Amino acid sequence: MFQRDVSIEDTASRLAVNRVVEPSTGPSPPRESPEYVRTSLAAAITLGLMPGRFYRNAKLYCLNLLLTYREGCAGRCAYCGLSHTRTIAKPWDEYSFIRVEWPVVLLEDVARRIESGFCSHVERVCVSMVTNGKAKNDTLKIVGVLSEKIEAVSALIAPTIVDKKWLGKLKHAGADKVGVAVDAATPELFERLRGKGVGGPHKWNKYWRVVEESVEVFGRFNVGIHLIVGLGETEEEAVKTIQKAYDAGALTHLFSFFPEENSQLQDSLQPPIGKYRRVQLARFLINKGLARVEDMTFDRVGRLTDFGIAEDLLNETVESGWPFMTSGCAGKSMDSACNRPFSNCTPYQAYLGELRNYPFQPNRDDVELIRRQLWDYSEEPVRVWMGEVAGELLNQRYRC
Ligand code: SF4
Ligand code: SF4
């Protein structure tokens with residue numbers, strides 16, 4: 001996700017993080033929400049709580065925070081680092097999530113650092129709930145605190161435990177956008193990976209009902225769904241779900257599956273880059289109102305072969321590089337402030353040409369590479385695209 005750079009290490013920041021992250025000796029109360037939150041590693045670096053810098057000098061524009069409880073999340077989702085099905089001998093608040101550690105920090109410290117202007121380029125904060133009874137009230141409190149420090153606050157909600165009345169309270173607390181992590185593209189996959197198949201509490205219909213209720217409360221396109229490509233769906237199934245969300249008034253924020261160590265899907269493969277690029281482009285076209293799934297063509301195994309738009313518009317869209325940037329909640333000056341640098345691939349994979357979600361505008365060389373990937377139908381999960389780079393790396397005996 002990032003390259004550590006000790007040369008920019010700030011001792012004061014390190015002491016601050018030690019103060020909140022390191023457990024003190026002797027019995028101490030659990031560090032739980034609402035006083036504490038977990039931050040993505042990228043957010044911790046951006047807040048100056050940890051040292052580091054991003055590959056290719058990417059910048060983070062949305063601070064992603066996660067509620068934290070000793071008992072964790074009641075979900076048992078097969079692909080998730082926070083799932084209780086994960087076989088790992090650690091307290092829940094030390095589980096990694098989306099590939100990286102999420103340090104526990106004081107909410108007060110986060111709020112103070114935002115207020116100080118330390119990361120003034122940040123345009124949004126996101127508060128992610130977990131499926132835990134305490135999360136409803138705590139989310140309202142945390143959103144309330146943060147919305148006094150920054151103008152745009154999203155909530156990634158836990159549909160299983162919320163209702164429309166609560167969504168009204170969330171808006172009143174200061175959230176302007178809501179995310180619903182549907183994640184799986186079909187009811188069957190959802191049931192298998194998040195519901196009965198894993199003994200989990202989540203239900204496909206409830207998730208979509210909450211999407212609809214969120215649109216009623218927050219307004220069209222102030223709601224987003226998360227969709228993970230690579231959980232076993234076809235491209236056609238993924239694109240149909242993107243269209244379903246759009247028609248309901250929700251944008252789709254796309255993720256590329258990455259196997260989380262010790263999760264049930266730890267041995268599953270990442271989706272081939274060609275598949276991911278085609279779904280990215282289809283998502284962009286649908287969410288911009290430029291195309292509909294009914295206009296697109298799929299082959300007999302559900303792979304996109306035609307995007308249903310004129311060739312010059314297709315070329316122009318690809319040329320812009322925008323469809324391949326990270327999709328997430330917007331900021332005041334950008335389409336997606338939530339740009340999650342390197343959360344769906346390692347910097348090493350990015351170096352080999354497999355940067356799944358560009359956290360910045362792709363440059364000319366990136367677009368050239370994307371063009372090749374877009375029409376690649378091979379099934380290899382990760383390929384080396386930069387031949388000269390690959391040779392150099394192999395010589396240096398790098399490992400993925
Ligand atoms: S509900 Fe969300 S956080 Fe909990 S296990 Fe499922 S995906 Fe992970
Ligand atoms: S897209 Fe980003 S900011 Fe929006 S709900 Fe999802 S994680 Fe939060």
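Q: Which residues of helix H3 (residues 107–115) are buried?
A: Leu 107, Val 110 and Arg 113 are the buried ones. Buried means 20 or more other C-beta atoms within 10 Å of a residue's own; exposed means 12 or fewer, partly exposed is in between, and C-beta atoms are placed from the backbone. Helices here are DSSP runs of H or I with at least four residues, strands are runs of E with at least two, and both are numbered from the N terminus.

Q: Before we go on, what sort of model is this, and how are things numbered?
A: It is a predicted model: local features need pLDDT of at least 70, side-chain atom pairs count only at pLDDT 80 or more, and totals for chains, interfaces and linings use all residues. Residues are numbered from 1 along each chain as its sequence is written, while chains are lettered from A and ligands numbered from 1 in the order in which they are written.

Q: Back to H3. Why do its buried residues line one face?
A: Seen down the axis of H3, they fall within an arc of 130°, so they line one face of the helix. The arc is that of the directions from the helix axis to the C-beta atoms. An α-helix has 3.6 residues a turn, so residues three or four places apart point the same way.

Q: What's exposed on the other side of H3?
A: Glu 108 and Glu 115.

Q: And what do the buried residues of H3 pack against?
A: Strand E1 (36–39), E2, strand E3 (104–106) and helix H4 (135–147). Contact means that the C-beta atoms of two residues, placed from the backbone, lie within 7 Å.

Q: Switching to ligands. What surrounds ligand 1?
A: Cys 73, Gly 75, Cys 77, Cys 80, Leu 82, Ser 83, Val 130 and Thr 131. A residue is near a molecule or strand if its C-beta atom, placed from the backbone, lies within 6 Å of it.

Q: How does that shell around ligand 1 divide by class?
A: Five nonpolar, three polar and no charged. Ala, Val, Leu, Ile, Met, Phe, Trp, Tyr, Cys and Pro count as nonpolar; Asp, Glu, Lys and Arg as charged; the others, Gly among them, as polar.

Q: How many residues surround ligand 2?
A: 13. The closest are Cys 126, Gly 179, Gly 328, Cys 329 and Cys 338. By class, the shell around ligand 2 has five nonpolar, seven polar and one charged residues.

Q: Which strands supply at least two residues of that shell around ligand 2?
A: E2 (62–67), E4 (124–128), E5 (153–157) and E7 (223–229).

Q: Where is Cys 338 found?
A: In the loop between helix H10 (311–320) and helix H11 (347–351). Cys 338 counts as buried, with 27 C-beta neighbours inside 10 Å.

Q: What is Cys 338 in contact with?
A: Leaving aside neighbours within four places in sequence, Cys 62, Arg 124, Cys 126, Thr 326, Gly 328 and Cys 329.

Q: New topic. Which residues have the most contacts inside the largest nonpolar core?
A: Cys 62, Leu 227 and Ala 282, in a core of 113 residues. H9 gives the most to this core, with eight residues. A nonpolar core is a set of buried Ala, Val, Leu, Ile, Met, Phe, Trp, Tyr and Cys residues joined through C-beta atoms within 7 Å.

Q: How many residues of H9 are buried?
A: 15 of its 15. Helix H9 covers residues 273–287 and reaches 21 Å from its first C-alpha to its last, close to the 21 Å expected at 1.5 Å a residue. The expected span is 1.5 Å times one less than the number of residues.

Q: What does Ala 282 contact?
A: Val 239, Ile 242, Met 296, Leu 304 and Phe 307, leaving aside neighbours within four places in sequence.

Q: What about phi of Asn 57?
A: Positive, about 55°, although Asn 57 is not a glycine. Asn 57 counts as exposed, with 9 C-beta neighbours inside 10 Å.

Q: And Asp 183, buried or exposed?
A: Buried, with 21 other C-beta atoms within 10 Å. Asp 183 is in strand E6 (residues 177–183), and its phi is positive too, near 65°.
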